[in-house]
Amino acid sequence: MTIKLEDELGDVLEKARDGKDWSQVDLARTAQVSPDVIAKIENYETIPDDNTIINLARVLDLHPPSLIDLARGNWVPLPPTPDPEKFEVVCLNLLVGSYPVKCYLLICRETRSSAVIDTGGNPDAVIKKAAELGLKPEKILLTHAHFDHAGGLQKLDKAFACPVWIDKKEPKPSGSHSYKYIADGEILKLGKINIEILLTPGHTPGGVSYKVEGTVFSGDSIFAGSMGRANSSWSTLFESITQKLLTLPDETRLFPGHGPATTVKEEKMHNPFFFGKVTSR
Ligand SMILES: [Fe+2]
């Protein structure tokens, strides 16, 4: 199966412009490129020559070789390493309308305790997969409250009757009988495994990533080769990624809400937003 990144050149340009608070015309003027060309790139109608991409990358503080690779489809992250001894990750590739989204089942191998990480907006698929695997999830962990991540709680509540964890700064989605608010650095137990809370706001005010050993479920903060849309704050999202996620060990696996799994090392080496922007602690 061909691996498809979540974002294309047009998406990356638009998000990088957003970071500078530039219109398409601002970018065109600064890079001395026709506004029509910018509009066509962002509408996925054209991919310009390498010199134009380099020029656009420089004015937008993006890493030029990484942006060329992304534009030409020359890079996808290496497949994730196998799950470790203590837990298993099951990824559900779902659709909300025609829009692909991922959610995950996290399973403690020893106790078979399990958690749903985001709903994929598709509770029936989650319930079906849990039944196939003989699981009764005891936690629903939300990375944020957008419908494609938190929709369908009512059905999940009926099926599993388990609480929903979410950051208190996030709008509360409807449908559950029990919400629990989380704090940065807090540890949740799932069977014999520990889930660490990393607050990673910026895509939304209360964005959360869930870290289990060397695996992070990162919602819509970072994508392979790109970043989430900064609906709440671009600089906050950038800091969440560069200070909380990409400072983790290189081999850390990142499971995002859209697009393929990746690692900290892959993103530090190939993501046009973050190449050279991370200072290790
Ligand atoms: Fe989202």
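1. The strands concerned, E3 and E4, run parallel and are joined by three bridges. Helices (H or I, at least four residues) and strands (E, at least two) are DSSP runs, numbered from the N terminus, and two strands pair if DSSP finds at least two bridges between them.

2. A word on the model before going on. This is a predicted model, in which local features need pLDDT of at least 70 and side-chain atom pairs count only at pLDDT 80 or more, while totals for chains, interfaces and linings use all residues. Residues are numbered from 1 along each chain as its sequence is written.

3. Back to E3, where both faces are covered: Ser114 and Val116 are buried on one side, and Ala115 and Ile117 are buried on the other. Here a residue is buried if 20 or more other C-beta atoms lie within 10 Å of its own, exposed if 12 or fewer, and partly exposed in between, with C-beta atoms placed from the backbone. On the E2 side, four bridges pair E2 with E3 in the antiparallel sense, and Tyr104 has Ile117 in E3 as its bridge partner. The hairpin of E2 and E3 has five residues between the strands, and Arg112 takes a positive phi near 65 degrees there.

4. The whole of this sheet is open, with six strands in the order E1-E2-E3-E4-E5-E6 and mixed pairing. Strand E1 (87-96) and strand E6 (179-181) each have a single partner strand, so one side of each edge strand is left without a neighbour in the sheet. From one strand to the next the twist averages 25 degrees. Further along, strand E4 (residues 139-141) pairs with strand E5 (residues 164-166) in the parallel sense over two bridges, and Leu141 stands opposite Trp165 in E5.

5. What lies across E1, strand E2 (99-108) and strand E3 (114-117)? Helix H6 (residues 123-132) does, running at about 150 degrees to E1. For such angles, axes are lines fitted to C-alpha atoms, for helices over the stretch in contact, and angles run from 0 to 180 degrees between N-to-C directions. Two residues are in contact if their C-beta atoms, placed from the backbone, lie within 7 Å.

6. You will find another open sheet of six strands, in the order E7-E8-E9-E10-E13-E14, again with mixed pairing. Its edges are strand E7 (187-190) and strand E14 (262-263); each has a single partner strand, so one side of each is left without a neighbour in the sheet. E7 and E8 run antiparallel and are joined by four bridges, with Lys189 opposite Asn194 in E8. Two residues separate these strands in their hairpin, and Gly191 in the turn has a positive phi of about 60 degrees. Strand E8 (residues 193-199) is also joined by four bridges to strand E9 (residues 208-212), in antiparallel fashion; Ile197 has Tyr210 in E9 as its bridge partner.

7. Is His258 buried or partly exposed? With 19 C-beta neighbours inside 10 Å, His258 counts as partly exposed. Leaving aside neighbours within four places in sequence, its contacts are Glu6, Pro100, Val101, Lys102, Asp220 and Phe223. Asp220 is 38 residues away from His258 in sequence, yet the two are 7.1 Å apart in space, C-alpha to C-alpha.

8. On domains, the assignment gives domain 1 (9-72) and domain 2 (87-270); such bounds come from an automatic or database domain assignment. Their centres, taken over C-alpha atoms, are separated by 30 Å. Eight residues from domain 1 and eight residues from domain 2 make the contact. On the domain 1 side, helix H1 (9-20) and helix H5 (64-72) are the elements that give two or more residues, and H1 gives the most, with five residues.

9. Finally, the chain as a whole has ten helices and 14 strands. Its radius of gyration (taken over C-alpha atoms) is 19 Å, close to the 19 Å that the globule rule gives for 281 residues, so the chain is as compact as a globular protein of that length. The globule rule is 2.2 Å times the number of residues to the power 0.38. Of the 281 residues, 43% count as buried. Among contacts between residues at least 6 apart in sequence, 58% join residues at least 24 apart.
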